[in-house]
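Dear colleague,

Please find below the structure that I am handing over to you.

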Amino acid sequence: LEFRRVLFRSYKEFSKQLDKLHFTKHPLEPCIYLLETTLKVGNQRTLHGIIGTHVDDGVCGGDSYFYAQLDALKKALPFGSFKQRKFVFTGIHLEQLPDFSIMASQEEYVKNIPAIDVGKSRRATPDASINDIELNKLRGLIGSLQYAVSHTRPDLAAKLGEVQVSVARATVQTLLLANKVLREAQEHSHVKICFRSIPVNQLTHVSFGDASFASAKQLSSFQGTLICATNHELDLNKKAPISPLTWTSKKISRVVRSTLSAEAYSMSASVDRLGWMRLLWGTIHIAQFDWRDPLRGFRSLPKATIVTDCKSLFDLVSRTAMPSCEEFRRTLEVLLIKERCQEHCHFRWIPTSLQVADALTKPMDPILLRQVLSSGCFQLFDEMNPWSEMLIASKLFNGSENNRMEPSISRKSHQKNFRGV
């Protein structure tokens, strides 16, 4: 409790000093501070930089005026360390490339996670319940893997979720399964997240939503969401840069009676998260962005894209007639999705073979997701042309350099340094 009080006092003092230097707190995220100025003539607003904080650490970027204010902050609150372009922030290795893209990796962290020692005698009885010591080790391993999954390793989310739902009745088989997830994480420890350099006036968002219905092996239904930053070319069926921003993979909190019900529930949550991310971005990017009136605010942003692989859900949302479902609760979910699609969004369908979020809902080989993370690009296709699906799938699964999209060089608005506080 005393430690929390100390942290809170530090946060208050930090906020006080930033306020003196004319920083403003993000209205929807209190850990983000913006430095902006507005000209009296023409009421033109200029964003000079941003600081994001986590406990007593921070990461930031901006122009020359921003760094002048940062130097003033150093005099009031001396920094323990100050690193640029390549450093470790809260256990995540960050590196800014010459084209201003940013790579995030936890390779060393994942390699250093210890496995649970399961003796030969214990492995001989996989259905036996685990003891308290083994349970503590299992929870420790899950927590270590969860930290990586939450920040840089969405490809392991579903497999770790399979372990998490078994903790209440954990057996020796659960320990072996957790070790198996760890081995896969370490074998693919090179997997990274690339935040592509996209000009701010072109940046928009895409949401991939998917669900898996309960089966005899897995009694729970799961939902998965992947929200990415991209540009307008994605909705034009062109190869476009894609930057994962946030993702979820979790058990659906209520019982669903069909695959369509699970897909509708998952998509409703995905669209809701997409709207939140657009509000966060709009408040940063647009002067006097009306986040209190989301429908009006979204109209000032480029059109976003919502992607599903459930054809029946796509048909229900796309048709103008009132959706007719066997379950009234499913009808409400579809109506909610239809309403949210009116917020300057485009609802698209893709086959399951191209659904990036598929690996967030079931323990499968996440080869497509890893390929998208590696190449930093994705492409939708014309639903009316069946040949385009085959062509795009072959390109995505082909790891050759000819099919990879090199990060683009950003221009005026992105010529800023990336520094850590």
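**Two pairs of packed helices**

Helix α5 passes helix α7 in a left-handed crossing (a crossing is left-handed if the near helix is turned anticlockwise from the far one by less than a right angle, and right-handed if clockwise). The contact is formed by E134, L138, L141 and L145 of α5 together with T174, L175, A178, N179, V181, L182 and A185 of α7, where contact means heavy atoms within 4.5 Å. Sorted by class, the residues of this contact comprise eight nonpolar, two polar and one charged. In this classification Ala, Val, Leu, Ile, Met, Phe, Trp, Tyr, Cys and Pro count as nonpolar, Asp, Glu, Lys and Arg as charged, and the others, Gly among them, as polar.

Please note that this is a predicted model, in which local features need pLDDT of at least 70 and side-chain atom pairs count only at pLDDT 80 or more, whereas totals for chains, interfaces and linings use all residues. Residues are numbered from 1 along each chain as its sequence is written, and side-chain values use heavy atoms, with hydrogens and water left out.

Two packed helices are described by the angle between their axes and the distance between the axes. Helix α5 covers residues 132–151 and helix α7 covers residues 172–187; they pack at an angle of about 30 degrees, and their axes are 11 Å apart. Axes are lines fitted to C-alpha atoms, for helices over the stretch in contact, and angles run from 0 to 180 degrees between N-to-C directions. The helices α5 and α7 are therefore roughly parallel to each other (angles under 35 degrees count as roughly parallel, over 145 as roughly antiparallel, 65 to 115 as roughly perpendicular and the rest as oblique).

The second pair consists of α8 (residues 259–285) and α10 (residues 311–318), which pack at an angle of about 60 degrees with their axes 9 Å apart. This makes α8 oblique to α10. Their crossing is right-handed. From α8, the residues L260, E263, A264 and M267 meet S312, L313 and L316 in α10. The contact of α8 with α10 has five nonpolar, one polar and one charged residues.

Where does S189 lie? S189 is found in the loop between α7 and β9 (193–195). S189 counts as buried because its relative accessibility is 5% (buried means under 20% relative accessible area, exposed over 50%, partly exposed in between, with a 1.4 Å probe and protein chains only). A polar atom of the S189 side chain lies 3.2 Å from the backbone oxygen of Q186. Not counting residues up to four places away in sequence, S189 touches E107, V110, K111 and R153.

S221 lies in the loop between β10 (204–212) and β11 (222–230), and S221 is buried at a relative accessible area of 7%. The C-alpha atoms of S221 and I252 are 5.6 Å apart, although 31 residues separate the two along the chain.

W349 belongs to strand β15 (residues 345–349) and is buried, with a relative accessible area of 17%. A polar atom of the W349 side chain lies 3.3 Å from the backbone oxygen of D309.

**The protein overall**

The protein has 13 helices and 17 strands; helices (H or I, at least four residues) and strands (E, at least two) are DSSP runs, numbered from the N terminus. Of its 421 residues, 49% count as buried.

Yours sincerely

Terms used
Polar contact = N/O pair within 3.5 Å; in protein donor to acceptor, adjacent residues only side chain to side chain.
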